[in-house]
Amino acid sequence: MSEDRPQRPGRSGQTEDPPPYRVYRAGSESPQPDPDRRPSSDPYELSDPDEREQPDLGDRPYTLYRSAPRGLIQRLRGEDGPAVIDRPSRGGGRGGDGRDEWSGDDGAEPRKVRWWRRRWTPFRVLRWVIGICVFWLVLSFVLFMVSASIQSGGSIPASAKRELSSGPNMVTGTDTVLVLGLDQRPKGSKEPGAFSGGIRTDSIMLWRIGGGTSRRLSIPRDTWVNIPGHGQSKINAAYAYGGPALAIKTIEQFTHVKINHVIIVNLANFPVFIDAIGGIDVHTGRICSNISGGAKNGGFSLYLKPGEHHLTGIQALTLARTRDNACNAASTDLTREAYQQQILNDIKSKLVSPSIIPRLPWASWDAPKAVRTDMGGFTLMQLFIASEIGGSAPTDILKPTGSPVIDGQDALVATPADVREHVAKLITGH
């Protein structure tokens, strides 16, 4: 080490030997030895100031880019560059002639490149995919809320709302929801008996939902009960006698369960919603169904072999209404209840599968049209979230202890003990 120069301190405050190299400013040429200049023993000494001048900008053999922003917000705004700061020399640099990052004649000021002319990096592609997915979800949510708001206006009579009991938030608490499927036919239907008599419930289900719970109890429509103000009759007649209000009162009296919300499934709009989600997949036995004379007489027909089937909206509706199966004499109303539960389970599976994403806006718009309910858009969203948290427990079916003919009607009779047993399983899970 030279004795006439002080030692340079290291990072730790200690002296260190100089490195065996010299430091030059970036972009400078290697210095040529000056015969009139005395060599320096300082290895940290820079080259002569005259030699440190930068070359002309047009002679740079590289391209300068602005560094990408560090924050997530800047990246989502599209400020991740790289924007050109300095114009590369023709034919040089990392980007070839640089025409993707530069436009204009020689000497023009640099400008930011349009987004569609930038290089598509994997990160940029991923960012666009995420942005499109977020937009698609927000659009679907808005359509659902608007459609639910339109359908909720006056869809449930005030008399029915008065029969309902208040309940907790379905995400953290547990409510009981009454789901009624009507045998209402679509307008213009040629099905015999489509508009004769009052509308009756084709399916009845109590759904215990919320707080991590999801249990269901189906009540056969021919169950013999007492209808307040009308005496003994089938439970599905309550809706025909007094609408949803009397149906709620009858079912509460029969089960001793307080009902917090009601959903009325409009079977006339049911096929549209099924088609909007791309159909459903069910497993059935052999089905030979002709409802109201079959399709040739203005009704519905469905013929299925045993196994897995993909059903359209009309086919799913026909299966949900099939009570008499010509190919299976053992098929009863309980068999139909089981098929209805299978349809509901597959609808739920479709709504959370990746295949629903391309169809989500249409499904979101059509879903509220298939139901009438006291619940608004946010409460329906709570129901959807609660159903996903609670999972899909097997649906219990109230099995009658007898099938007598009462007043010329085929009825199903359940004892009070049987009702208490099934209700306890619905409420407590045991």
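Author: The accessible surface of the chain comes to about 24400 Å², and 55% of this belongs to carbon and sulfur atoms. Such areas come from the Shrake-Rupley method with a 1.4 Å probe, and for residues only the protein chains shown count as cover. The model is predicted: local features need pLDDT of at least 70 and side-chain atom pairs count only at pLDDT 80 or more, while totals for chains, interfaces and linings use all residues. Residues are numbered from 1 along each chain as its sequence is written, and side-chain values use heavy atoms, with hydrogens and water left out.

Reader: What makes C288 and C327 a disulfide?

Author: A disulfide is a pair of cysteine sulfur atoms within 2.5 Å. The sulfur atoms of C288 and C327 are 1.5 Å apart, so the pair meets the definition. The count by this rule is one disulfide. With -65° about the S-S bond, the link is left-handed.

Reader: Which parts of the chain does the pair of C288 and C327 tie together?

Author: C288 lies in strand 8 (residues 287–291) and C327 in the loop between helix 6 (313–321) and helix 7, so the pair joins parts that are 39 residues apart in sequence. Helices (H or I, at least four residues) and strands (E, at least two) are DSSP runs, numbered from the N terminus. The chain has 10 helices and 14 strands.

Reader: Why is C288 called buried, and how is C327 classed?

Author: Buried means under 20% relative accessible area, exposed means over 50%, and partly exposed lies in between (1.4 Å probe, protein chains only). C288 has a relative accessible area of 11% and is therefore buried, whereas C327, with 29%, is partly exposed. Of the 430 residues of the chain, 40% count as buried.

Reader: Why is the pair of K350 and D281 called a salt bridge?

Author: The term requires a side-chain nitrogen of Lys or Arg within 4 Å of a carboxyl oxygen of Asp or Glu. The side chains of K350 and D281 meet at 3.8 Å, N to O, so they qualify. K350 is in helix 7 (residues 333–351) and D281 in strand 7 (residues 280–284), 69 residues apart. At 14% relative accessible area K350 is buried, while D281, at 33% relative accessibility, counts as partly exposed.

Reader: Why are the buried residues of helix 10 said to line one face?

Author: The buried residues of helix 10 are D418, V419, H422, V423 and L426. Seen down the helix axis, they fall within an arc of 125°, so they line one face of helix 10; the arc is that of the directions from the axis to the C-beta atoms. The face turned away from the buried side carries the exposed residues P416, R420 and E421.
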